[in-house]
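Thank you all for coming.

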Amino acid sequence: MIALPGSGILMSRHVFAFLEVVSGMALTRTVHLPASYWGVILMSFHAGLHGGAIIGMLRKAVNIKSKSATRTTILRVIAALLGIWGILIFIRREIGSYLLLRNQFVFFDFSQPLIYFVLDYVAVMALFAMAGYYSAKLLKRQNL
């Protein structure tokens, strides 16, 4: 997590121009790419670990007091579909290759609308948030 802002500061030629970093830019970019992808994955997983509290606050904000079996089933189906979409996008956009630095450049399809890109990455974030959420539930069940 420290690598991401550290490499970002070193790469910045505007905000931190006074640092006058001239050499090492290739290494800095090489560190920044996987750090950014790992940051998204880890932050999503961490948010999922607190998913129970987030769901509780949303229930309170929307004033939902009772659990409906139908509503729960519908939400679980939506979550499952979102998780499947996240897996497919993780594979299709080759995010694993960026996490493991097998690919040192991110390729964007500029013919694709930006909203598709954003929704794809939201699906991947939701996938890892769900992984965190269900990991927390499993840990609570195991009393760890």
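What we are looking at is a predicted model, in which local features need pLDDT of at least 70 and side-chain atom pairs count only at pLDDT 80 or more, while totals for chains, interfaces and linings use all residues. Residues are numbered from 1 along each chain as its sequence is written, and side-chain values use heavy atoms, with hydrogens and water left out.

The members of this patch are W85, L114, I115, Y116, V118, L119 and V122, and together they have about 650 Å² of accessible area. Patches here are made of residues with over 30% relative accessible area and no salt bridge, where nonpolar side chains (Val, Leu, Ile, Met, Phe, Trp, Tyr) are joined within 5 Å and like charges within 9 Å. The areas themselves come from the Shrake-Rupley method with a 1.4 Å probe, and for residues only the protein chains shown count as cover. When I say helix, I mean a DSSP run of H or I with at least four residues, and the numbering of these runs starts from the N terminus.

As one example, take L119, which lies in helix α6 and counts as partly exposed at 37% relative accessibility.

Now to the charged side of the surface. Which residues gather in a patch of positive charge? They are R59, K67, R71, R76, K137, K140 and R141. Helix α4, residues 69-92, and helix α6, residues 114-142, each supply at least two residues of the positive patch, and α6 gives the most, with 3 residues. R59, another member of the patch, lies in helix α3, residues 51-62, and is partly exposed with a relative accessible area of 33%. K60 also lies in helix α3, and at 72% relative accessibility K60 counts as exposed.

How many salt bridges does the structure hold? There are 2, a salt bridge being a side-chain nitrogen of Lys or Arg within 4 Å of a carboxyl oxygen of Asp or Glu. In one of them D120 pairs with R92, and the closest N and O atoms are 3.1 Å apart. This pair links distant parts of the chain, since D120 is in helix α6 and R92 in helix α4, 28 residues apart. In the other, the side chains of R93 and D120 meet at 2.8 Å, N to O, and here too distant parts of the chain are linked, with R93 in the loop between α4 and α5 and D120 in helix α6, 27 residues apart. Is D120 buried or exposed? D120 is buried, with a relative accessible area of 5%, and R93 is buried as well, whereas R92 is exposed at 53%.

Next, the backbone. E94, in the loop between α4 and α5, has a positive phi of about 55 degrees although E94 is not a glycine, and this residue is partly exposed, with a relative accessible area of 47%. L101, found in the loop between α5 and α6, likewise has a positive phi near 55 degrees without being a glycine, and L101 is partly exposed at 28%.

Let me finish with S7, which lies in helix α1, residues 3-11, and is buried with a relative accessible area of 4%. Where does its side chain reach? The side chain of S7 reaches the backbone oxygen of L4 at 3.1 Å, and a polar atom of that side chain lies 2.7 Å from the backbone oxygen of A3. A polar contact is a pair of N or O atoms within 3.5 Å, and within protein one must be able to donate a hydrogen and the other to accept it, while residues adjacent in sequence count only if both atoms are side-chain atoms.

Notes: Lys, Arg positive; Asp, Glu negative; His and termini not counted. Charge placed at Lys NZ, Arg CZ, Asp CG, Glu CD. Buried < 20%, exposed > 50% of the residue type's maximum accessible area, 1.4 Å probe, protein only.
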